[in-house]
Amino acid sequence: MAGGYTRERARLTADHVRRARSMIAGGRIEGRGFEWGDTACVGLTLRVTPQAATWYLRGRASTVRLGSVDALTVAAAREAATRARLDLQGGRDPKLDLRVFEHAMAATGDPEAAADAAWPEEVAVPSDEERRRRGPWQWHDLVDLFLEHKARTLTPGYVRQYTSYLRHPQYDRLRHVLVRDLGPEILQEIRDDIAEANSLSAAARCVRQGKEMMEWAWANHSGRSGLSKARDRWPMWRDQWNVTYAPGKRAHTPTLPELGRTLALAERHRSLGQTEHATGAGALAMLWCVVLTGQRTGQVAGTTPGQVSDLDAEAGAPGPGWRAVAWEGPAMKSRRAHLLPLPPEAWAALRRVSGAKGAAWLFPSKRGGGHVSPGALNQLLYRLSGRRITGATGRGPLVDLLGAHGVRHWTLHDVRRSLTTFLTDRRLGGAASAILDHEIAGAEDLRERRATVTRLHYDTAQRVALKAEGMGLWVSAVLEAYEAERAALSGLPAPVRPPRTQRAPRRVRPA
């Protein structure tokens, strides 16, 4: 709650304006009203009350009215917010110019004409090359120039890491912000959003690389970057942009060859010589599903065939043959309903491995009528690495098949890190967050909703097209790695099964 209003954050679009008008017309505004904060423009807020919807600029010291939604479009509201912020920073009162801008927009609907009427002075906009040579720099200028500097001193692998952190999707809102106008508030807000969307460790890395970048600009280019004339003249990022984080034991990020080799080894060594070690088709298919989708094992285990349906182009499928798996909120850690598109080749791989038809579960257990448990999948990885979970059945030593084939020990949760790294390197970090359900699924509260599969298909908060783009790249890469590793293993001698443990003869009690 902010000042009695329910507050949410989202990248505002015309759909939010239409929704606000519809709720006002239908009398569906509860209480005093609610506010949407725009993630694309710092401070821009759409306030909706039972009587009207109005744009505001929220600041540290005051809130300024920008205009009504009847006059200002989303783009015009962002323009007004930017102009008002600059006036406030320069000690000028923006209210008169904002009223002129609102009236001109209502009369003409032309943002350029309205801006000329409200702010008639013409400002020469320098080219990117001229701005980088003479300054002042915008955020994206600083990032590009700093990465060029690091590319001259670091290996390509480290440059990719710097790029993934400094071009994190949460930083997009700073793209055209002047470096000299940065304050601790927006940097701290972005830090918190990264921690919420990804993890605290990801936020720590993004902040650490950002501080190094700011130090480089301060020490070497304080004039051109504009930092010498910054609003906060001291290096505020040193004291006011930090993350309290102590890294624990380093978790592995399995590579694509390691994932493909593990799948090939699990198929090749279905039986490790003891009856209790035989890997069922359901467990093997579930391992494939976790690697192909990056979803949590508890969520995947209880999936039923009824949760899988065809995905059409209208819902966001990029081609024919795509499927979608829908999970209700109670099955998800986030408690939000989640829909994941599956490329045709992913579904074909799962059906090939599972071979189960007519079962009540997508990954049925080989014992009874239940489904494969997450523990069974953990035991499978443990056995492949020559270990047993304490209390598991089986006797005698096991061969470390993964270690013998150069695969580092990894856990099922590590696949999520691999998928995120893979897509972030391709500038699809937002797709990774959507696939792994690390995002806020939109303004609508999905916690209490019991959505059907069909309804989830057309829920824009699910970002099906974005997920499909990321899933297509990831699945193709995993299958390519699997085929290469399977071909390499096929050239080795067939595995020899160890002899079964001889059971002691059964004792018969005398009558």
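**Close-up views of a predicted model**

**View 1. An open sheet of three strands has the order 6-7-8, and its pairing is antiparallel.** Strands are DSSP runs of E with at least two residues, helices are runs of H or I with at least four, and both are numbered from the N terminus. Two strands count as paired if DSSP finds at least two bridges between them. Strand 6 (308–310) and strand 8 (338–342) are at the edges with a single partner strand each, so one side of each has no neighbour in the sheet. On average, neighbouring strands of this sheet are turned by 30 degrees against each other, direction ignored; the axes are lines fitted to C-alpha atoms, for helices over the stretch in contact, with angles from 0 to 180 degrees between N-to-C directions. Five bridges join strand 7 (residues 323–327) to strand 8 in the antiparallel sense. A324 has P341 in strand 8 as its bridge partner.

The model is predicted, with local features requiring pLDDT of at least 70 and side-chain atom pairs pLDDT 80 or more, while totals for chains, interfaces and linings use all residues. Residues are numbered from 1 along each chain as its sequence is written, and side-chain values use heavy atoms, without hydrogens and water.

**View 2. Strand 4 and strand 5 form a hairpin, with four residues between them.** Strand 4 (residues 53–58) pairs with strand 5 (residues 63–68) over five bridges in the antiparallel sense. Opposite T54 stands S68 of strand 5.

**View 3. F101 and W119 form a tilted aromatic pair.** Rings of Phe, Tyr and Trp (its six-membered ring) pair if their centres lie within 6.5 Å, and planes under 30 degrees apart are stacked, over 60 edge-to-face, and the rest tilted. The count by this rule is nine aromatic pairs. For F101 and W119, the centres are 5.1 Å apart and the planes make 45 degrees. F101 and W119 are both buried, where buried means under 20% relative accessible area, exposed over 50%, and partly exposed in between (1.4 Å probe, protein chains only).

**View 4. F146 and Y162 form a tilted aromatic pair, 6.2 Å centre to centre with 55 degrees between the planes.** F146 is in helix 6 (residues 139–151) and Y162 in helix 7 (residues 156–166), so the pair ties together parts 16 residues apart in sequence. Both F146 and Y162 are buried. W137, F146, Y162 and W216 make up one aromatic cluster.

**View 5. The charged end of R47 sits over the ring of Y56.** Such a placement requires NZ of Lys or CZ of Arg within 6 Å of the ring centre and within 35 degrees of the ring normal. For R47 the distance to the centre of the Y56 ring is 4.3 Å. R426 lies over the face of F422, 3.7 Å from the ring centre.

**View 6. D193 is buried, at a relative accessible area of 14%.** D193 is part of helix 8 (residues 184–197). Its side chain makes a polar contact with the side chain of R9 at 3.3 Å. A polar contact is a pair of N or O atoms within 3.5 Å; within protein, one must be able to donate a hydrogen and the other to accept it, and residues adjacent in sequence count only if both atoms are side-chain atoms. Leaving out residues up to four places away in sequence, D193 touches R9, Q170 and R173, with contact meaning heavy atoms within 4.5 Å.
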